[in-house]
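I opened this notebook to record how two chains are arranged and how their elements pack. Each entry states what I looked up and what I found.

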Number of protein chains: 2
Amino acid sequence: MRILLSNDDGILAPGLAALYRAVVDLGEVVVVAPSHPQSAAGHAITLRSPLTVQQVGLGAGREAFTALSVDGRPADCVRLAVRKLLPAPVDLVLAGINAGANVGINIFYSGTVAAAAEAAMLRLPAVAFSADVGAQEVDFDRAAGLCRWVLDRLLACGLHPGQLVNVNIPVLGPDRPRGVRVVPQSTAGVEDSYHRQEHPQGLESYRLGDSFSFAPAEGLTDVACLEEGYVTITPLKVDLTDPPRLDKLAEAQKTWPALPGQ
Amino acid sequence: MRILLSNDDGILAPGLAALYRAVVDLGEVVVVAPSHPQSAAGHAITLRSPLTVQQVGLGAGREAFTALSVDGRPADCVRLAVRKLLPAPVDLVLAGINAGANVGINIFYSGTVAAAAEAAMLRLPAVAFSADVGAQEVDFDRAAGLCRWVLDRLLACGLHPGQLVNVNIPVLGPDRPRGVRVVPQSTAGVEDSYHRQEHPQGLESYRLGDSFSFAPAEGLTDVACLEEGYVTITPLKVDLTDPPRLDKLAEAQKTWPALPGQ
């Protein structure tokens with residue numbers, strides 16, 4: 001199996017190396033990741049600038065490996081790797097392990113989920129892995145073991161071309177994770193705020209504050225289950241259509257007049 | 001009605017001014033848009049840098065108006081405007097008119113759709129408008145008239161908080177648009193390519209080519225109908241969950257062993 005591994009925290013992120021070590025026995029693992037951290041890059045891609053690729057040696061001793069660094073966005077890494085850099089087709093794309101949860105509407109800001117979603121658009125099976133951050137730093141080795149456990153289950157179920165799965169590891173502790181939950185993405189809003197700050201030329205300037213929370217979510221969702229200490233698994237698709245509203249609007253359209261000028 | 005207007009082509013884009021003129025009679029229209037073009041910014045947001053806001057005078061004579069420029073991403077403009085800049089609640093958020101179609105999986109790369117999606121996440125009704133580009137430049141005044149016609153229909157149907165609609169105007173001509181289609185988003189892949197190019201330090205460097213097409217799409221979708229000359233309307237949601245695969249995976253999970261260490 002040929003696996004492409006990428007992330008959004010950048011090529012030097014510990015979560016990337018931990019995921020590499022956790023899956024390297026599955027086959028040939030090629031790492032193509034952003035040269036610099038790309039948190040909240042969303043699904044941005046680079047249209048007009050060139051993307052420069054450099055070989056980077058990571059890890060040490062028997063765990064040393066070579067990776068390709070790309071000075072672009074997470075989605076750039078996956079597209080460029082699949083379209084141009086890799087000599088043979090890829091069987092699976094993994095993104096992560098992100099330092100920070102990617103659940104609820106935050107998946108739209110996430111470069112980790114975008115890297116995996118890009119792979120799904122390229123008709124490859126893809127999994128995004130993220131680890132929630134608590135009071136202490138993420139234990140990436142333990143998180144990676146849990147990611148591998150989930151990946152083995154997903155592969156056993158059949159992970160087909162174009163299928164995308166979002167996996168989140170909760171804050172770990174003696175009694176966490178409490179188990180695994182297959183749950184939908186929450187659409188609860190985010191509560192954060194902007195603070196006015198000094199600007200050298202006296203202009204109006206604002207900075208997004210660090211404090212962040214989700215609005216109360218209803219039902220069993222990725223947001224609620226992750227918070228409760230469960231590993232969450234959410235199958236995603238690259239289709240934003242809202243079918244009930246599509247039907248309603250198509251019905252309404254029957255009563256509309258002709259377009260002006262028709 | 002208080003309307004917030006943004007875009008991804010930047011505050012000086014002709015599509016923004018055309019949309020402003022087309023909707024200004026609906027109420028109070030406030031323009032908050034990126035200081036520079038942000039095509040393919042996706043749903044990126046700015047986490048750690050400050051966002052600087054400046055007043056800009058746009059248009060001329062009786063059509064002059066004042067806008068706020070933000071040196072960030074399209075989604076930043078909407079979040080910052082709603083959270084901090086605007087003195088009173090917004091009733092509707094419009095994004096566009098983008099110079100270029102935003103249909104199929106391209107909506108994931110689109111800053112225009114991201115600006116509107118951000119509004120939906122903030123529990124506001126939102127519409128993204130884009131105009132396909134053909135051999136000639138977009139006639140934004142004609143496109144804006146069509147956008148207004150669609151907006152009036154959407155408002156008459158009821159556009160509720162958190163509801164997001166993606167509208168695309170086809171390449172215009174004597175016999176185009178041919179009509180209006182309410183259609184789902186296509187998930188067809190994109191065909192494009194990267195070209196190796198010279199790098200000053202001799203490094204490996206690639207640039208995304210300009211040629212771009214969609215893989216053949218099945219059924220009646222936004223991609224197919226726009227190409228055929230129809231105005232396309234697609235209701236979107238900010239939820240990527242894939243319900244059939246969620247059910248399948250939840251069923252499979254019943255047979256999984258306990259997590260390691262549990």
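The entries below go from conventions to symmetry, interface, sheets, helices and backbone details.

**Conventions.** I noted that this is a predicted model, in which local features need pLDDT of at least 70, side-chain atom pairs count only at pLDDT 80 or more, and totals for chains, interfaces and linings use all residues. Residues are numbered from 1 along each chain as its sequence is written, while chains are lettered from A and ligands numbered from 1 in the order in which they are written.

**Symmetry.** I looked up how the copies are related, since two copies of a chain are related by a rotation about an axis and a shift along it. A rotation of 180° with 0.0 Å of shift along its axis places chain A on chain B, with an RMSD of 0.0 Å (a least-squares superposition on the C-alpha atoms of residues with pLDDT of at least 70 in both copies). That is the relation of a two-fold axis. Both copies use the same surface, as 100% of the contact residues of chain A recur in chain B.

**Interface.** I then asked how many residues each chain gives to the contact. Chain A gives 71 residues and chain B gives 72 residues, where contact means that C-beta atoms, placed from the backbone, lie within 7 Å. Elements of chain A that each supply at least two residues to this side include β3 (51-58), α2 (74-85) and α6 (243-253); helices (H or I, at least four residues) and strands (E, at least two) are DSSP runs, numbered from the N terminus. The largest share, 6 residues, comes from α6(A). By class, the side of chain A that touches chain B has 41 nonpolar, 20 polar and 10 charged residues. Here Ala, Val, Leu, Ile, Met, Phe, Trp, Tyr, Cys and Pro count as nonpolar, Asp, Glu, Lys and Arg as charged, and the others, Gly among them, as polar.

**Sheet ending in β10(A).** I traced an open sheet of 11 strands with mixed pairing, in the order β10(A)-β11(A)-β3(B)-β4(B)-β2(B)-β1(B)-β5(B)-β6(B)-β7(B)-β13(B)-β8(B); strands pair if DSSP finds at least two bridges between them. β10 (194-196) of chain A and β8 (179-182) of chain B stand at the edges with a single partner strand each, so one side of each has no neighbour in the sheet. Where do the chains join in this sheet? β11(A) pairs with β3 (residues 51-58) of chain B in the antiparallel sense over 3 bridges, and A:Tyr206 has B:Leu51 as its bridge partner in β3(B). Within chain B, β2 (residues 28-34) and β4 (residues 65-70) run parallel and are joined by 4 bridges, with B:Ala33 opposite B:Ser69 in β4(B).

**Sheet ending in β8(A).** I found another open sheet of 11 strands, in the order β8(A)-β13(A)-β7(A)-β6(A)-β5(A)-β1(A)-β2(A)-β4(A)-β3(A)-β11(B)-β10(B), again with mixed pairing. Its twist averages 25° from one strand to the next, with angles running from 0 to 180 degrees between N-to-C directions and axes being lines fitted to C-alpha atoms, for helices over the stretch in contact. Here β3(A) and β11 (residues 204-208) of chain B run antiparallel, joined by 3 bridges, and A:Val53 stands opposite B:Glu204 in β11(B).

**Helix pairs in chain B.** I looked up α1 (residues 14-23) and α4 (residues 140-157) of chain B, whose axes come within 9 Å and cross at roughly 45°. That makes α1(B) oblique to α4(B) (angles under 35 degrees count as roughly parallel, over 145 as roughly antiparallel, 65 to 115 as roughly perpendicular and the rest as oblique). Their contact has 10 nonpolar, 2 polar and 3 charged residues. In chain B, α2 (residues 74-85) and α3 (residues 111-121) pack at about 25°, with axes 7 Å apart. That makes α2(B) roughly parallel to α3(B).

**Backbone.** Most residues other than glycine have a negative phi, and most peptide bonds are trans. I noted that the bond from A:Gly96 to A:Ile97 is cis, with omega near -10°, and that A:Ile97 is found in strand β5 of chain A. A cis peptide bond also joins B:Gly96 and B:Ile97. A:Arg123 has a positive phi near 65° and is found in the loop between α3 and β6 of chain A.

Terms used: Contact = placed C-beta atoms within 7 Å.
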